[in-house]
Amino acid sequence: MTQDKDAAGAGTQGCCSCGGGQIGWAIVGCGVIGPWHADAVAASGEARVLACCDIIPERAQELAEKHGARWYTDYEEMLAKEDEVQAVSVCTPSGLHSPVAVAAAQAGKHVLCEKPLDITLRAMDDMIAAAEQHGVKLACVFQNRTYPDSKRLREAVRTGKLGKIVLGDCYQKYFRSHEYYASGTWRATWELDGGGALMNQGVHGIDLLLWVMGNVKCVNAHCRTLVRNIYVEDTAVAIVEFENRALGVIEGTTSVTPGYGMRIEISGDDGTIRWEDGKIVRWDVPGEEAAEEAREKAGEGTAADPTALNIYGHLQHVRDLCAAIRENRDPEITGRDARKAVELIKAIYLSSREGGETVELPLSYEDDGPGIYPSLCHRWEL
Ligand SMILES: NC(=O)c1ccc[n+]([C@@H]2O[C@H](COP(=O)([O-])OP(=O)(O)OC[C@H]3O[C@@H](n4cnc5c(N)ncnc54)[C@H](O)[C@@H]3O)[C@@H](O)[C@H]2O)c1
């Protein structure tokens, strides 16, 4: 595919590579989530979309025209030409994050990468190494972490409000239709999606659970393909033991009707907090009921809800990366941080492959294989 020669007419005035002006931004991958990044960049007031790239020219052109940017079909060419671009959103299929991020880092651009960071340990390590070697920031999108109630949950756990933590659970019971899986040839493939219900959808909750609970020590798991005509798992259950000795359950599926939201439930010997879809819905912390009721009455609940905005999380990520660039600090979710959820998912797949055997973390590159074997896709045995 040849590149677009004529820019859609974006100017670069107002952008600069230092502290004062807007940060020039590029989007690679203009499918479902790329436009969210572009809208978040535009809404941030701190950055501006200068270039959009997709191997499907119409997608790149449409997004570029909306934002008055130039468009490309070849990201290498875009990176070489767009001197004013300082940051790149990586919105390609999950198994194509690393090559784009590495090329961006080599071109001296900071990176905001969609979840999951990539789908293999080696690919993620390449990204982390490239960012470090070229002195650029590598940030990853996990928008659930940006919600105020997510931060409250983590703070409560970390400051001991629940006492000794006993259980950390994550339930993600979703519905994804056959049409969804057919909507992109990369979806539900080991090669580019890296897995199914866990690696694509469930990675959000798993990242949040790890962020709140800390690292996992070991896991026993079973993954199956029970309903959808796909080769990756549509259902998974794992028992985890955290480094702090608490236990937990991770459930993920895309095959139930109706789909529920994401639920994280943390219990200690002094209390329990239940978080659902960005909100704390139970706060059973002794002596704190009154404070919680007051918070709700003061309108911090749904009425004054900043997260009701669709792009809220992505906007926080864009602003955070802008601040990280300006202040020369790490972004809130670094590459190393984002790697953890993928490593745990790989450990879950490995355990399932070995019939539910205990898998200890960290994993090595030898454990970096695909998820379940076709023999566990029960659909095909019917
Ligand atoms: N944070 C979230 O809530 C969220 C939501 C949806 C998707 N995502 C993530 O975003 C990524 C993309 O998902 P999507 O649903 O937007 O997929 P999509 O298929 O809709 O879009 C991906 C786009 O990348 C383009 N592309 C592929 N190879 C390319 C290349 N070499 N150069 C340039 N463009 C290329 C494709 O043509 C396509 O338009 C995935 O990693 C997914 O996990 C995150």
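Two residues are in contact if their C-beta atoms, placed from the backbone, lie within 7 Å. Helices (H or I, at least four residues) and strands (E, at least two) are DSSP runs, numbered from the N terminus.

This is a predicted model: local features need pLDDT of at least 70, side-chain atom pairs count only at pLDDT 80 or more, and totals for chains, interfaces and linings use all residues. Residue numbers start from 1 along each chain as its sequence is written.

A residue is buried if 20 or more other C-beta atoms lie within 10 Å of its own, exposed if 12 or fewer, and partly exposed in between. Helix α4 (residues 97–106) is mostly covered, with eight of its 10 residues buried. These are H97, S98, V100, A101, V102, A103, A104 and A105. Their cover includes β1, α3 (75–81), β4 (85–90), β5 (110–113), α5 (121–134) and β6 (138–140). Just after α4, G108 has a positive phi of about 80 degrees.

Helix α2 (residues 57–67) buries A60, Q61, L63, A64 and H67. The elements covering them include β1 (23–28), α1 (34–44), β2 (47–53) and β3 (70–72).

**The core**

A nonpolar core is a set of buried Ala, Val, Leu, Ile, Met, Phe, Trp, Tyr and Cys residues joined through C-beta atoms within 7 Å. The largest one has 103 residues; A26, C52, C53, A101, V111 and I348 have the most contacts inside it. Helix α8 (residues 197–213) gives this core its largest share, 11 residues. Leaving aside residues up to four places away in sequence, C52 touches A26, I27, C30, A38, A60, L63, A64, A69 and W71.

Two strands pair if DSSP finds at least two bridges between them. Eight strands form an open sheet with mixed pairing, in the order β13-β12-β11-β7-β10-β9-β8-β14. β13 and β14 (359–360) stand at the edges with a single partner strand each, so one side of each has no neighbour in the sheet. Helix α6 (residues 148–158) packs on the sheet and touches β7 (165–173), β11 (262–268), β12 and β13. The direction of α6 makes about 160 degrees with that of β12. Such angles run from 0 to 180 degrees between N-to-C directions, with axes fitted to C-alpha atoms, for helices over the stretch in contact. Helix α11 (residues 335–353) lies across β8 (216–224), β9 (235–242) and β14, at about 55 degrees to β8.

Strands β12 (residues 271–276) and β13 (residues 279–284) pair in the antiparallel sense over five bridges. W275 stands opposite I280, and E276 stands opposite K279.

**Backbone exceptions**

Most residues other than glycine have a negative phi, and most peptide bonds are trans. The table lists departures from this.

| Site | Feature | Value |
|---|---|---|
| K115 and P116 | cis peptide bond | omega about -20 degrees |
| T257 and P258 | cis peptide bond | omega about -5 degrees |
| A188 | positive phi | about 60 degrees |
| D277 | positive phi | about 45 degrees |

P116 lies in the loop between β5 and α5, and P258 in the loop between β10 (247–253) and β11. A188 sits in the loop between α7 (178–182) and α8. A188 counts as buried because it has 26 C-beta neighbours inside 10 Å. D277 is partly exposed, with 14 other C-beta atoms within 10 Å.

**The ligand shell**

The ligand is surrounded by 24 residues, and the closest are G29, G31, V32, I33 and E114.

Definitions and conventions
A residue is near a molecule or strand if its C-beta atom, placed from the backbone, lies within 6 Å of it.
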